[in-house]
Protein chains: 2
Amino acid sequence: MLGAIEAGGTKFVCAVGNEDGQMLERIQIPTEIPEKTIPMVIEFFKNYKVRALGIGSFGPLDLNEKSDTYGYITSTPKPGWGNFPFVETMKKALNVPVAFDTDVNAAVWGEFLFGAGKGFNCLYITVGTGIGAGAVIGGKRLHGLSHPEMGHIFLRRHPKDKFEGFCPYHKDCLEGLASGPSIKKRWGIKGEDLLEDHPAWELEIHYLAQALLQYILILSPEKIIMGGGVMKQSHLFPSIHSEVKRLSKGFLTLPPSEIYIVAPGLGDDSGILGALMLAKEINVGNLTN
Amino acid sequence: MLGAIEAGGTKFVCAVGNEDGQMLERIQIPTEIPEKTIPMVIEFFKNYKVRALGIGSFGPLDLNEKSDTYGYITSTPKPGWGNFPFVETMKKALNVPVAFDTDVNAAVWGEFLFGAGKGFNCLYITVGTGIGAGAVIGGKRLHGLSHPEMGHIFLRRHPKDKFEGFCPYHKDCLEGLASGPSIKKRWGIKGEDLLEDHPAWELEIHYLAQALLQYILILSPEKIIMGGGVMKQSHLFPSIHSEVKRLSKGFLTLPPSEIYIVAPGLGDDSGILGALMLAKEINVGNLTN
């Protein structure tokens, strides 16, 4: 039995399952302060004999294994979670090996193994409370100096857009202009309640297409998977594809929209399934070492 | 004996060498039309018994081995080189296996194996006649849907800059605003002749730093190597590092300038040495298949 946590800004999804990616039990726990949330998480896993735990977490995270603060959530503005030693806490509580990566790297890992990204160099982007992306390249999750922070790239302003932006660091980076909260702040209505012909979508499509164009020029993914609350509006997919083509001015030859820019194959389970497979990876690693 | 070609827009560097990266002989041939240049290239290699050939070429290229036009230079505006079957031509002439990649992927490969990028997830950017970049991630050169085209990302305009840009596709993408020819067109002076206090550099630093910031947010490289004619101005390195930090607004923690944004460890030989190692790779692959 393996354990998995998808740690998000509003909820923790916890699950147990097997090495084939079959989930046997799962619960959701609201993300409050760690002192409230974490004991409930531990309680859940104590009911099962898990051999390893995989965590996909909101960030930023310290993923450098040589660092003193490896396994921490680092500088998040989220109350109580700054400098939280996530890996250490779970290791102590459960006494099992713990694998740790970003929420979006867990999601892209799930999609690469079982979903829409199967076998591809692929990118998973979530557009919701925040914007983030993870990538699998050559069968490995993309890390480097740190983990990518693709939600914070800079864009050119749409000429009609006077909104100052909502990112606490950069104001009008991608996340600051196109996340769920920025849509709500700009228009006074939640993204999910906006009709398909609302002018909000012209801006949203323009910004997401600009971001995708940068990702394509830099990473050249074979498949782009878009998830998160905002992307439940399925009319966005073909429109974003057209806008990427328009912005690239004939420079790029892209596969057709329906096979290139797609919804997650695993629905809302990309992250938790990916986290389960992180547990598998560290469990295998542990046995062979 | 292995053969290597670094095919650039103004010259071809051809070399023969061994598997350890020692070059035994090399020549330069001007890049004219293929009918003039290629026979001289073939002539050079016919003097040696090469077992395999590695090519790092200006692009765009077709690198998809399943494609009918694999090994072609595709849509270049360079007279005579559009739809040129580079790999096929060389295979027929020399009757050896031919490895093929972009000029910048060859350069980053050389730097990764022998130069400033040794052992790192690294990025090589050339800023010269054009702007392009290649990356090594997890010990492999980055490819995907196609090869990256990092020189064509979009930037925000510097408020002082009224120059329309020089890219035939996008006008004011990175290459259109910051390549050698765009400096010359904007200021009427070649980059190499501009003094260190010329106002050109404020713009150049701003644009290159913006590009690096996007690359860092998306790829998270552990080492950034900057080559090409414009980067011979060594005062640019620390200034670009400072500007990346300023633009990131405290969001990124970067290693110090002198170890993070650096000149090529192989000087002008990154590309030709990388191409030689491409030949090694395909030769080994051939023996074991």
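Residues are numbered from 1 along each chain as its sequence is written, while chains are lettered from A and ligands numbered from 1 in the order in which they are written. In this predicted model, local features need pLDDT of at least 70, side-chain atom pairs count only at pLDDT 80 or more, and totals for chains, interfaces and linings use all residues, with side-chain values based on heavy atoms and with hydrogens and water left out.

Let's start with strand β1 of chain A, residues 2-7. Helices and strands here are DSSP runs, numbered from the N terminus: a helix is H or I with at least four residues, and a strand is E with at least two. How many of the 6 residues of β1(A) are buried? The count is 5, so the strand is largely enclosed by the rest of the structure. Buried means under 20% relative accessible area, exposed means over 50%, and partly exposed is in between (1.4 Å probe, protein chains only).

Two strands pair if DSSP finds at least two bridges between them. Strands of a sheet pair through backbone hydrogen bonds, either parallel or antiparallel. Strand β1(A) pairs with β2(A), residues 11-17, in the antiparallel sense over 6 bridges. Within this pairing, Gly3(A) has Val16(A) as its bridge partner, and a hairpin of 3 residues links β1(A) to β2(A). Strand β1(A) also pairs with β4(A), residues 53-57, this time in the parallel sense over 5 bridges. There, Ile5(A) is partnered by Ile55(A).

**A sheet in chain B**

Chain B has an open sheet of 5 strands in the order β10-β9-β8-β11-β12, with mixed pairing. Which strands stand at the edges? They are β10 (140-141) and β12 (261-262) of chain B, each with a single partner strand, so one side of each is left without a neighbour in the sheet. Strand β9(B), residues 131-137, and β10(B) run antiparallel and are joined by 2 bridges. The bridge partner of Ile137(B) in β10(B) is Lys140(B).

**Where the two chains meet**

Contact means heavy atoms within 4.5 Å. Chain A gives 38 residues to the contact and chain B gives 38 residues. The area buried between them is about 3,400 Å², with 62% of it from carbon and sulfur atoms; buried area is the accessible area (1.4 Å probe) that two parts lose on being put together, summed over both. Leu145(A), Arg156(A) and Ile218(A) supply 23% of the area that chain A buries against chain B, more than any other three residues.

There are 2 salt bridges between chain A and chain B, where a salt bridge is a side-chain nitrogen of Lys or Arg within 4 Å of a carboxyl oxygen of Asp or Glu. One salt bridge brings together the side chains of Arg156(A) and Asp172(B), at 3.4 Å from N to O.

Ser220(A) sits in the loop between α6 and β11 (223-227) of chain A. Is Ser220(A) buried or exposed? With a relative accessible area of 3%, Ser220(A) is buried. Leaving aside neighbours within four places in sequence, Ser220(A) is in contact with residues including Tyr215(A), Gly144(B) and Ser146(B). A polar atom of the Ser220(A) side chain lies 2.8 Å from the backbone oxygen of Ser146(B).

In chain A, a cis peptide bond joins Gly59(A) and Pro60(A), with omega about 0°, and Pro60(A) is in the loop between β4 and β5 (72-73). In chain B, the peptide bond from Gly59(B) to Pro60(B) is cis, with omega near 0°, and Pro60(B) lies in the loop between β4 (52-57) and β5 (72-73).

Note on methods
Polar contact = N/O pair within 3.5 Å; in protein donor to acceptor, adjacent residues only side chain to side chain.
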